[in-house]
Every structure is written in structure tokens, then in C-alpha cells.
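Welcome, and take a moment to turn the model around before reading on. The report below is meant to be read with the structure beside it.

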Amino acid sequence: MSAIEPPMAMLAEITHRCPLQCPYCSNPIELERSSKEMGTEDWRRAIREAADLGCMQVHFSGGEPTVRQDLELLIAEATAVGLYTNLITSGVLLDEPRLKRLVEAGLEHVQLSFQAAEAPDADRIGGFSGSQAKKLEAAAMVRAAGLPLTANFVVHRQNIAQIEAMLDLAVAIGAHRVEIANVQYYGWALKNRAALMPSHEQLDLMTEQVAAARDRLKGVTVIDYVIPDYYARRPKACMGGWGQRFLNISPTGNVLPCHAAESITGLEFDNVRQRSLADIWANSKAFNLYRGTDWMPDPCRSCDRREVDWGGCRCQAFAITGDAARTDPACEFSEDHGRLVDLAEHDSGEGRDDFVYRNFAAARRAPAGAG
Ligand code: SF4
Ligand code: SF4
């Protein structure tokens, strides 16, 4: 393939600790304890290396990134080397003094996650009493500090009926952008799929509601929305292509092509404590395995969309077929597409509302990668 372009953005998952317990959390089932987390100096070095490599943005995420008391230092480092900084947070631990310190360190944008529009549902889904009230306070603080705000709603069967209320809430808190993010079924969400999967009818109604809201809210807020994979006919260009636009660093320093990549059992990832980011980006086996088009099987190999969607998502191919090198089953040309359709139909009709909450106790009980 042609020369490897530098990554555009780095997702720094600085911890897996989080006071919330969302049943669709994108963190791996095997959550890392704080004792395994990479220290401040290693993170600062990784941030400098990301800038040297050509990254433009760093997104601080987790878990809940504000549980780390050195977040200010990491934001300051990123600012000093010219990276755009975004904080992806549940907001429940933010207070004014902390936000002030983060802004002084150079924080430029906040993405605040919501579990629902209505407080009782939000608190139940996130497994954290009083979360919605704290999020609303956090949103007001972020706006008062003059930072741009993105509101992120993760949508599934148990909150999809609140879609219009979610959009109203986003406008009420002054969000510049709203992400209506359909659950992606890896890790915790795969475990909870039968309690989360919306029906086709629910999805169609939401798509209409979002389209109408886009017209109504033109100039007020921007709405990001894509059809979820289980009901799609073509896959998304996941992460802009494996190892092409993004890199992710896990709390322990493992460098991943996407945040869910550790769900592909058997893949080994290099660690930024042992190798430089530039070396890993260019030469790591895990990055090169599915980079570009050489690895592709048919039907992707001979398809004219192979450099548009890059064969879709490797983690989804693995989750559904057990083989990360197959065409993403979200594609209707995939031999496995029918399985995805059947799974969506089956799980959306389950009628379950119980969750396996994402926490360290549940992580201990569950074998890695178990769906
Ligand atoms: S998805 Fe929920 S549990 Fe996971 S890190 Fe975000 S707020 Fe915490
Ligand atoms: S066959 Fe492969 S390249 Fe073609 S649309 Fe499907 S996933 Fe994309």
C-alpha cells in the first residue's frame, strides 16, 4: 500500500474507573484496575509523541477521565504541543474549581454523555442515582466557562422513545452539537444486546424524528446520526479505516487501532511504554494486519467501495463470526449479513429490561469476550 499517513486524532483512555455503570459501555469486559494505569510521565510522553507523529487532536476519555487528578497536567501537555483538546465525560464529578483548572490548562471542548432525557431513566440506565441532575449542572458550568459543548445520547430500545425529548434537552443546555449514537454491540453492549436492541419500527420512527429535527433546528444545533449497523445495508468506514486515521491508547498504554480492538481475542497490541508511538503506528503487527486493502477477502477484494468503507468494522466481524478478517456482516454482500438481521429481529423481540451493569465485580465474573 501507499505511504502511511499520520493519524488525525488520538483517543486517550486514561482510566477505566467510572462512577457510572452503563450496560453498553465501550470499555472491554476485562476492566483495568487503577494499579495498572499508566502514570503521568508516560502519558505526557505519549502526548508529545502523538504531536510529533502529526496528530491534531487528543480526546481524553475513559472510564471517567476526571477521576484522574493529573488530567490538568495531561491537558496542559497537549496544549503546549499544539493539540486540540476534548474532554469526553459523564460530568458527574465536575465542579466549578475543577472545570476552571481544566480550562486554565487549555481545555477546548467538552463532550457530555447522557443516558436518557428523563432523570429516572438516566439514573437507572447509568446505575448512578442523581446522575442527571449533576450532568445538567455540568452542562451549565461548561457553557458558563465559554466552552463549546457536544451532548452525546447513546440510544437503545429502553430510551429510544425519548428521542425528541433528548433533542429538546440538547437545545435547552446550549449544546452546539448533538450525537445520537446508536449502541454498538461489542463488549458490555454485546452482553446486554437482548435488553438494548431496538425494533425496526422503532428505528424507522427515530430516523424520521431526527430528520424532522434537523430541519427544525438548522442554525441552532448540529445533529450527528447514522443508521445502526444491525439495520444497515452497507457498513461504516469504521474509524476511517483500520490504522488509518485514529489511534487509541488504553489505560495501561496499549496502542489500539480502535477503542474496541481488544475485544478481538488473539490480537496482540504493542505498548507505548515499550515502543515509541511512531514505531507502533508504522510497524505494529496489529495495526498492519487490517490496514488498507491487501488483507481483504471477497466480496470486498473486488468491490468498488473497498476504499470507501474499508470493509467495515473488524470488531463487529469478530463479534458475529469469530473471524476479524471477514467482511463486516453489516454489509448486505456479506455471507453473514442474514445472521445480523436474524439477531436484530430476535433480540429486539426479547422484551427484556434487565441489565448486566458494567462494573469491576461483573467484569470479574465474566470471561473475556463473552457475549
Ligand atoms: S459509557 Fe458509562 S460506564 Fe462507560 S465510561 Fe462512559 S459513563 Fe462510564
Ligand atoms: S463488499 Fe466490502 S467493500 Fe463492498 S460494500 Fe461490502 S463491506 Fe464495503
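## Before you start

This is a predicted model, in which local features need pLDDT of at least 70 and side-chain atom pairs count only at pLDDT 80 or more, while totals for chains, interfaces and linings use all residues. Residues are numbered from 1 along each chain as its sequence is written, and chains are lettered from A and ligands numbered from 1 in the order in which they are written.

## The overall build

The protein has 14 helices and nine strands; here helices (H or I, at least four residues) and strands (E, at least two) are DSSP runs, numbered from the N terminus. Its C-alpha trace spans about 55 × 45 × 45 Å along the principal axes.

How much of the protein is buried? Buried residues make up 47% of the 371 residues. A residue is called buried if 20 or more other C-beta atoms lie within 10 Å of its own, exposed if 12 or fewer, and partly exposed in between, with C-beta atoms placed from the backbone. Among contacts with a separation of 6 or more, 73% join residues 24 or more positions apart; two residues are in contact if their C-beta atoms, placed from the backbone, lie within 7 Å.

## The nine-stranded sheet

An open sheet of nine strands runs in the order β7-β6-β5-β4-β3-β2-β1-β8-β9, with mixed pairing. β7 (222–225) and β9 stand at the edges with a single partner strand each, so one side of each has no neighbour in the sheet. Two strands are said to pair if DSSP finds at least two bridges between them. Strands of a sheet pair through backbone hydrogen bonds, either parallel or antiparallel.

Start with strand β1 (residues 9–13), where four of the five residues are buried. On one side β1 pairs with β2 in the parallel sense over five bridges, and M10 stands opposite V58 there. β1 also pairs in the parallel sense with strand β8 (residues 246–249), over four bridges, and L11 has N248 as its bridge partner.

Strand β2 (residues 57–61) is parallel to β3 as well, over four bridges, with V58 opposite T85. In strand β3 (residues 84–89), five of the six residues are buried. β3 in turn pairs with strand β4 (residues 109–114) in the parallel sense over four bridges, and I88 is partnered by Q111.

## Right-handed crossovers

How does the chain get from strand to strand? β1, helix α1 (residues 40–53) and β2 make a right-handed β-α-β unit. A crossover is right-handed if, with the strands pointing away from the viewer, the path from the first strand over the helix to the second runs clockwise.

β2, helix α2 (residues 71–80) and β3 also form a right-handed β-α-β unit. From β3 the chain then passes through helix α3 (residues 96–105) to β4 in another right-handed crossover.

## An enclosed helix

Seven of the eight residues of helix α12 (residues 314–321) are buried, so this helix is largely enclosed by the rest of the structure. The buried ones are R314, C315, Q316, A317, F318, A319 and I320. Their cover includes α7 (187–191) and α13 (337–348). After α12 comes G322, with a positive phi near 80°.

## A buried cysteine

C258 lies in the loop between β9 (255–256) and α10 (277–283). It counts as buried because it has 22 C-beta neighbours inside 10 Å. Leaving aside neighbours within four places in sequence, C258 is in contact with C238, M239, F246, N248 and C315. The C-alpha atoms of C258 and R314 are 9.6 Å apart, although 56 residues separate them along the chain.

## Around the two ligands

Which residues are around ligand 1? They are C18, L20, Q21, C22, C25, N27, G62, G63, E64, S90, S113 and R358, where near means that the C-beta atom, placed from the backbone, lies within 6 Å. By class, this shell has four nonpolar, six polar and two charged residues. Ala, Val, Leu, Ile, Met, Phe, Trp, Tyr, Cys and Pro count as nonpolar, Asp, Glu, Lys and Arg as charged, and the others, Gly among them, as polar.

Ligand 2 is surrounded by 14 residues, the closest being C300, C303, R305, C331 and F333. Its shell has six nonpolar, three polar and five charged residues.
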